[in-house]
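Subject: A structure for you to look at

Hi,

Here is the structure I said I'd pass on. Have a look at it first, then read my notes below.

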Amino acid sequence: MAILLPPLVLTGATLLWTGAFDAGEAEVRAELVPAPRKEAPPDPAAVRADESGLFAVLEYHRVGGDPSFAPEWTISPEDLWAQLEYLYRNDYHPINFRDLLENNVEVPAGKTPVVLTFDDSSQTQFTMVRDEAGRWVPGPDGVVGVLAAFHREHPDWPMRATWFVLPAAAEPNNLFGQPELTEKKLEFLVDAGMEIGSHTFWHANLEQSSPQEVQEQIVRMNRAIRQYIPGYSAVSLGVPFGAYPADVSLLRRGSWDGESYTLKGAADVGGGLAYPPGNRLLSPYRVPRMQAEPAKGNFASFASHFEAHPEQRFVSDGDPDTVTIPEESRVYMDAEEIKRSGKAWREY
Ligand SMILES: [Zn+2]
């Protein structure tokens, strides 16, 4: 299926970041505006809530830049915007990858979560430029500029994405190039509510690594990010090349040089649609993804699949603390596990 939305014309002026996430401003607003009253979630049958269903973890690499370089791994900013428009108009809602692993699905009632993941921390994803006042802001061409502009145009589409980054790859994949701006970039991502996941220290092939090397790659990645974000520890890992270590339990926990780690899950490089938290078919260390570059055709197949089979979609009940399913989906779900995790369980 072709995505029929015309790509929007993007200009630098419309995409420049205006600093709406300025911390001081947010604090002032928080004092003046009373917290919104939590409304009761709607009748699950009315929105056909089904939190046993499938959803997509989309995977991206290069964004914009020289189109003749690795075109199959590249999406233009215009095509990325068109995909976001499609998702927005078809009742999808973005969450971070870790939200899936932690069963923290904050998605409005009736909508389907979608996870945007960006691998390899290339500068094409996140370049900073100076605005007219001389402040560093996301440039218009990278993913962050597109996500920020999209959020401004659609405030109910939050900036959520997971960045599987490489601290020690060769420039420009060493944390988005521009080494003098690394701290600003990582802080920006975290402050905006996005997730910095691990892609190992330098894109190691974990299948060809010794157990000690696997653990070293994960610990050194955490240490590198802590130089910029105190206390950082990755929750999730994008497995480079989809090449898994022989002992997959090393992705769950391990230690190196006196430092231990625990990861809650890992993303593969392909495989199709994903199962949600609580579904017995979810394998948290082998979560499948769909490569979303237009040349791959997977975005179109994901979109057309759910257009033909809306009954297979995960549909949120609007309450992240309750897992709601229709009775006939009970066989897929581990209700006891969900209750043990502190969530309420509801069938209708
Ligand atoms: Zn990669």
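Before you start counting: a helix here is a DSSP run (H or I) of at least four residues, a strand is an E run of at least two, and both are numbered from the N terminus. On that basis the chain has eleven helices and 16 strands. Bear in mind that this is a predicted model.

How far can you trust it? The average pLDDT over the chain is 89, and 89% of the residues score at least 70. The stretch to watch is residues 1–30, where the pLDDT is below 50, although the model still gives this stretch 39 contacts beyond near neighbours in sequence.

Now the chain overall. Of its 348 residues, 42% are buried. Among contacts with a separation of 6 or more, 69% are between residues 24 or more positions apart.

A few helices are worth a click. Start with H6 (residues 143–153), which is mostly covered, with eight of its eleven residues buried. Those are Val-143, Val-144, Gly-145, Val-146, Leu-147, Ala-148, Ala-149 and Phe-150.

Then go to H10 (residues 298–308). Which of its residues are buried? They are Phe-299, Phe-302 and Phe-306. Looking down the axis of H10, you'll find these buried residues within an arc of 65°, so they line one face of the helix. The buried residues of H10 pack against strand E1 (56–60), helix H4 (77–89) and strand E14 (287–291). Over on the other side of H10, Glu-307 and Ala-308 are exposed.

Next, find Phe-188 in helix H7 (residues 182–191). Why does Phe-188 count as buried? The cut-off is 20 or more other C-beta atoms within 10 Å, and Phe-188 has 21, so it is buried. Its C-alpha atom is 9.1 Å from that of Val-137, a residue 51 positions away along the chain.

Last, the end of the numbering I looked at: strands E15 (residues 322–325) and E16 (residues 344–347) run parallel and are joined by four bridges. To get from E15 to E16 the chain passes through helix H11 (residues 335–340), and this β-α-β crossover is right-handed.

Cheers

Technical notes: Residues numbered from 1 in each chain as written. Predicted model: local features only at pLDDT ≥ 70, side-chain atom pairs only at ≥ 80, totals over all residues. Buried ≥ 20, exposed ≤ 12 C-beta atoms within 10 Å, placed from the backbone. Contact = placed C-beta atoms within 7 Å. pLDDT = per-residue confidence, 0-100. Pairing = 2+ DSSP bridges. Right-handed = clockwise from strand over helix to strand, strands pointing away. Arc of directions from axis to C-beta.
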